[in-house]
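Reader: I am new to reading protein models and would like to go through one step by step. Could you answer some questions about the one shown here?

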Amino acid sequence: GQERMPLAEQDLQTAKEQEHIAQVRFNIGDIPETELSSAHIQVEKREKEKEEIAKELKLARISLNSLLGRPVETEFVAEGKLDIPKLNGDIELLIKSAEQHPSIKAMELERERTLKELSLAKGRRFPPLTLSLIYERDVRENLFGGSVGFPLPIFDRKQDEIMDASAREKVLSAEIKGQKLDVSDRGWSALTLLNSAQRSMELTGSAVALAEKNLKLAKRGYELGEKGMADVIEAQDKLLELKKTYLETLFDYNEAFITIERYSSLK
């Protein structure tokens, strides 16, 4: 929003300058009233665009103040510049290593705990046996023997525990697989958007430079009476649209960079 506001102010100032020139030319009878009206409309259009940006900027500040736990009416200016940060490291390799993602690590730990529960439940399927020795002596001989005991019920094989742990393990395995795919997809999507935005900024930057030159020529031609107001408005609209596109693409680049940076933090 802060980057867009100076553009809106600049475009409004340009529109007012053209309005003034149109008024002078109309007063001397050099242009028809319709052309002067077009200049007035252009100023009104730029003023509305500036008001919309100011409204969006205000809402963004209120939202940020709320997140920071400050009074929503607190005024502030975001420092720094919306630039093009550079990636460090082998991002593609990081994306391929999706199992290092914190959410997946947490699920893996839960699955390991479930596997241990399953192993313990299987180990308790049969009740523990108790052995005892028997010794008796009478006048003629010594008698030795033994007995085996086990707790009742003998058919309690922990089937409920085994089935529950086994089911949870299968569900977790499926969720981990799905999470890995989701994390990887989001990583590749962000990298694709980043590369696309970077290329778009390069092309748009060149187009902006050309559009600025065309607007200067159109304004000069209008002052000399060689071009009409429609030519100036068209050139100004084209330049504004390209500048907006550049800022939107720059925003997309930074948003994708933040997503990828989450992978970088896993190194």
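Reader: Is Thr-114 buried or exposed?

Author: This is a predicted model, so the answer rests on computed values. Thr-114 has a relative accessible area of 0%. Buried means under 20%. Thr-114 therefore counts as buried.

Reader: Which helix holds Thr-114, and how many Å separate its C-alpha atom from that of Asp-164?

Author: Thr-114 belongs to helix α4, which covers residues 102–123. Along the chain, Thr-114 and Asp-164 are 50 residues apart.

Reader: What share of the residues in the protein chain is buried?

Author: The protein chain has 267 residues. The buried ones make up 27%.

Reader: In what order do the elements of the protein chain run?

Author: The secondary structure comes to six helices and two strands. Read from the N terminus on, the order is α-α-α-α-β-β-α-α.

Reader: How far apart in space are Val-24 and Leu-36?

Author: Val-24 is in helix α1. With a relative accessible area of 40%, Val-24 is partly exposed. Val-24 and Leu-36 are 12 residues apart in sequence. From C-alpha to C-alpha, the distance in space is 9.5 Å.

Reader: And how far apart in space are Arg-220 and Val-232?

Author: Arg-220 sits in helix α5, residues 159–223. Its relative accessibility is 48%, so Arg-220 counts as partly exposed. Arg-220 and Val-232 are 12 residues apart in sequence. Between their C-alpha atoms the distance is 9.2 Å.

Reader: How many salt bridges does the structure hold?

Author: A salt bridge requires a side-chain nitrogen of Lys or Arg within 4 Å of a carboxyl oxygen of Asp or Glu. In this structure the number of salt bridges is nine.

Reader: Which helices are linked by the salt bridge between Arg-4 and Glu-56?

Author: The side chains of Arg-4 and Glu-56 meet at 2.8 Å, N to O. The pair is 52 residues apart and links distant parts of the chain. Arg-4 is in the helix of residues 4–27 and Glu-56 is in another, namely α1 and α2.

Reader: Are Arg-4 and Glu-56 buried or exposed, or something in between?

Author: Arg-4 has a relative accessibility of 29%, and Glu-56 has a relative accessible area of 42%. Buried means under 20% and exposed means over 50%. Because their values fall in between, Arg-4 and Glu-56 are both partly exposed.

Reader: Where do Glu-52 and Lys-55 lie?

Author: The side chains of Glu-52 and Lys-55 form a salt bridge of 3.8 Å, N to O. They are three residues apart, about one turn of the helix. Glu-52 is partly exposed, with a relative accessible area of 41%. Both residues lie in helix α2.

Reader: Which residue of the salt bridge between Glu-212 and Lys-243 is buried?

Author: The two side chains meet at 3.8 Å, N to O. The pair, 31 residues apart, links Glu-212 in helix α5 to Lys-243 in helix α6. Glu-212 counts as partly exposed at 34% relative accessibility. At a relative accessible area of 11%, the buried residue is Lys-243.

Reader: Which residues are linked in a network of salt bridges?

Author: The network brings together several charged side chains. Its members are Lys-45, Arg-46, Glu-49 and Asp-237.

Reader: What is the area of the nonpolar surface patch?

Author: The patch is made by Leu-59, Ile-62 and Val-72. Ile-62 is in helix α2 and counts as partly exposed at 30% relative accessibility. The area of the patch is about 240 Å².

Reader: Which helix gives the most to the lining of the largest pocket?

Author: The largest pocket has about 830 Å³ of space. Its lining has 23 residues, and those nearest its centre are Gly-1, Gln-2, Glu-3, Leu-82 and Phe-251. Helices α2 (33–67) and α6 (229–264) each supply at least two lining residues. With seven residues, the helix that gives the most is α6.

Reader: How many residues of that lining are nonpolar?

Author: By class, the lining of the largest pocket has four polar and nine charged residues. The number of nonpolar residues is 10.

Notes. Residues numbered from 1 in each chain as written. Predicted model: local features only at pLDDT ≥ 70, side-chain atom pairs only at ≥ 80, totals over all residues. Heavy atoms only, no water. 1 Å grid on protein atoms, 1.4 Å probe; cavity = no way out; pocket = protein on both sides within 12 Å on 5 of 7 lines; lining within 4 Å. Points joined across faces, edges and corners; volume = space filled by probe spheres on them. Helix = DSSP H or I, 4+ residues; strand = E, 2+ residues; numbered from the N terminus. Nonpolar A, V, L, I, M, F, W, Y, C, P; charged D, E, K, R; others polar. Patch = residues over 30% accessible without salt bridge, like charges linked within 9 Å, V, L, I, M, F, W, Y side chains within 5 Å. Areas by Shrake-Rupley, 256 points an atom, 1.4 Å probe, with all protein chains shown as cover. Buried < 20%, exposed > 50% of the residue type's maximum accessible area, 1.4 Å probe, protein only.
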